[in-house]
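I opened the notebook to look up charged side-chain pairs. My notes follow.

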Amino acid sequence: MTDSDGSAGSDGTRGPDAFGDGAAVEALLREAGADAAGALWRLTGTERQLDANVVRLRPGATVAAHVEPDLDVLVLGLAGRGTLHCAGAEHALEPGALRLLPRGAERAVAAGAEGVAYLTVHRRRPGLTVRPRP
C-alpha cells in the first residue's frame with residue numbers, strides 16, 4: 001500500500017495517490033505483472049469512510065456467487081473483459097462499465113479470456129468490537 005506520500009507499502013500494492021489520472025491505472029496493472037491477481041490496490045488509513053479495491057482476475061477465473069447482506073458495492077470495469085452476475089442478471093464487465101450491486105443481491109464475477117480488472121467501492125465496515133453478552 002502507499003501512504004499519503006505515495007510510497008509503496010510492504011505488500012507491494014499502491015495506494016490512493018496512484019490514481020492521479022487514467023494512465024495511473026494502466027501503470028498499476030503493468031507494474032503488478034501479468035500473473036498478479038487478487039487485490040492489487042486498496043485504500044488505507046484509519047480516518048476514511050470508504051473502502052475501495054482494484055481487483056484483477058486471471059483469464060477464466062471467478063469470484064463465486066455470494067451475498068453481501070450489509071453493503072451496496074459500486075463496481076467499475078478497468079481493463080479486460082468479464083461478466084458480472086447480479087440478482088439473476090448478467091452484465092458485461094469491461095473498461096468504463098459501471099454497476100451498483102445492491103446489498104442483499106447475490107453476485108459473482110467471471111473473467112473472460114484476457115482476464116478482467118475492476119474497482120470496487122463501498123462504505124467502510126466498522127471494526128470488530130468485543131461486546132458483553134446481552
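The model I worked on is predicted. I found 3 salt bridges in the structure.

Entry on Arg-103. I looked up its partner and found Asp-72, with the side chains meeting in a salt bridge at 3.3 Å, N to O. Arg-103 sits in the loop between strand S6 (98-101) and strand S7 (106-123), and Asp-72 in the loop between strand S3 (62-67) and strand S4 (73-86), so the pair ties together parts 31 residues apart in sequence. I noted Asp-72 as partly exposed, at 33% relative accessible area.

Entry on Glu-94. I found its side chain in a salt bridge with that of Arg-81, at 3.7 Å, N to O. Glu-94 lies in the loop between S5 and S6 and Arg-81 in strand S4, so this pair ties together parts 13 residues apart in sequence. Glu-94 is partly exposed, with a relative accessible area of 32%. Arg-81 also counts as partly exposed, at 41%.

Entry on Arg-48. I found a salt bridge to Asp-51, with the closest N and O atoms 2.5 Å apart. Is Asp-51 buried or exposed? I read a relative accessible area of 16%, so Asp-51 is buried. Arg-48 is partly exposed at 23%.

Entry on Ala-89. I placed this residue in strand S5 (residues 89-93). Ala-89 is partly exposed, with a relative accessible area of 28%. I then checked Ala-89 against Glu-106: they are 17 residues apart in sequence and 9.9 Å apart in space, C-alpha to C-alpha.

Definitions and conventions: Residues are numbered from 1 along each chain as its sequence is written. This is a predicted model: local features need pLDDT of at least 70, side-chain atom pairs count only at pLDDT 80 or more; totals for chains, interfaces and linings use all residues. Side-chain values use heavy atoms; hydrogens and water are left out. Helices (H or I, at least four residues) and strands (E, at least two) are DSSP runs, numbered from the N terminus. Buried means under 20% relative accessible area, exposed over 50%, partly exposed in between (1.4 Å probe, protein chains only). A salt bridge is a side-chain nitrogen of Lys or Arg within 4 Å of a carboxyl oxygen of Asp or Glu.
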